[in-house]
Structure formats: structure tokens, C-alpha cells
Amino acid sequence: MKATDRIRIFVYGSLLEGMYNYNALAQTKVKEVETAPEYELFTITGGYPQLLKGKETVKGELHDVTIEEFSRIIRMELGAGYKTEDIKLNAGTTELGFLFREEYIDGPRKLTKVPNGDWKKFVTNKIERGT
């Protein structure tokens, strides 16, 4: 691959447009999408989302990133307990994304379900409530 080549990825949390890690993507949003109803979105600490296998849809975005951006994102995500996986989308396609490794979920921490699989709305509501 050349440094100018791009990789399309599915993002659903802190890498979404307007969220706190979006700068890692250099404004590369292609479009908003939803997953096939095979996933669920949770948070352990309220600060970061965890995409797990389930039976619902999750809202996200597709981004075309450079090899350099992808390398930076991989280091960030793999170091935080995620793994790369082909994510099935409602459109019937798959895109590369990040699924949380279930072995990183330990007993004492409680998973909180993110309503409607919508991280942006969850974070906005949390800020408005002051929690």
C-alpha cells in the first residue's frame, strides 16, 4: 500500500464527527450509517463506548482514512481493548471497524447500555444532565 491509499472504516463513538477523538480522522467523514441488527452499544465508565455482538442497530459513520491515520487509530483502539472486525451494515455491506474484546469486561464494572445505539445522543444527554 502507498501512503496516499485510503482505508474505509466504520466508527461509532469517540471518533464520530464532533466527538473528542475526531481529530484523529482529519475530517474524513463519508456518510452516516447504521449497523445490521447484530450489535449493541455499551459503556463501562461512561467515557468510552464498547461495541459488542447483540441484536440491535448502532449508529455510526464511514470515514476514508490515510494509512498514517489508520495506524494512529489502530494503536489507540487496540491498546484500549478493541479488535478490528468486519462490521455488518444495514445496507448489506461490511466495513472494517472496532469491536470491544469481551475478555476485557471484568465482573465488578457494570455495563451501561447506550440507548438506541447512538453515542452522540448519549454523550449530549449526559452533558445536559450534568452527569
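Q: At what relative accessibility does Lys88 count as partly exposed?
A: This is a predicted model. Partly exposed lies between under 20% (buried) and over 50% (exposed). Lys88 falls in that middle class, because its relative accessibility is 40%.

Q: Which residue forms a salt bridge with Lys88?
A: The closest N and O atoms of the pair are 3.3 Å apart. The pair links distant parts of the chain, 50 residues apart: Lys88 sits in strand 6, its partner in the loop between strand 2 (29–34) and strand 3.

Q: How many residues apart are Lys53 and Glu85?
A: Lys53 and Glu85 form a salt bridge, with closest N and O atoms 3.0 Å apart. Lys53 is in strand 4 and Glu85 in strand 6. The pair links distant parts of the chain, and the separation is 32 residues.

Q: Is Glu103 buried or exposed?
A: Its side chain meets that of Arg101 in a salt bridge, at 3.6 Å from N to O. Arg101 counts as partly exposed, at 29% relative accessibility. The cut-off for exposed is over 50%. Glu103 has 59% relative accessibility, so Glu103 counts as exposed.

Q: How many salt bridges does a search of the whole structure find?
A: The search of the whole structure gives a total of ten.

Q: Which side chain of opposite charge is nearest to Asp118?
A: Asp118 lies in the loop between strand 8 (112–113) and helix 2 (119–129). Asp118 is buried and has no salt bridge.

Q: Which residue's backbone nitrogen does the side chain of Asp118 reach?
A: Beyond its neighbours within four places in sequence, Asp118 is in contact with Leu41 and Lys59. Its side chain also reaches a backbone nitrogen at 3.4 Å. That nitrogen belongs to Lys120.

Q: In what order do the three strands form the open sheet?
A: Strand 4 (49–53) and strand 8 are the edge strands, each pairing on one side only. Strand 3 (residues 39–43) pairs with strand 4 in the antiparallel sense over five bridges. The order is 4-3-8.

Note on methods
Residues numbered from 1 in each chain as written. Predicted model: local features only at pLDDT ≥ 70, side-chain atom pairs only at ≥ 80, totals over all residues. Heavy atoms only, no water. Helix = DSSP H or I, 4+ residues; strand = E, 2+ residues; numbered from the N terminus. Buried < 20%, exposed > 50% of the residue type's maximum accessible area, 1.4 Å probe, protein only. Lys, Arg positive; Asp, Glu negative; His and termini not counted. Salt bridge = Lys/Arg side-chain N within 4 Å of Asp/Glu carboxyl O. Polar contact = N/O pair within 3.5 Å; in protein donor to acceptor, adjacent residues only side chain to side chain. Contact = heavy atoms within 4.5 Å. Pairing = 2+ DSSP bridges.
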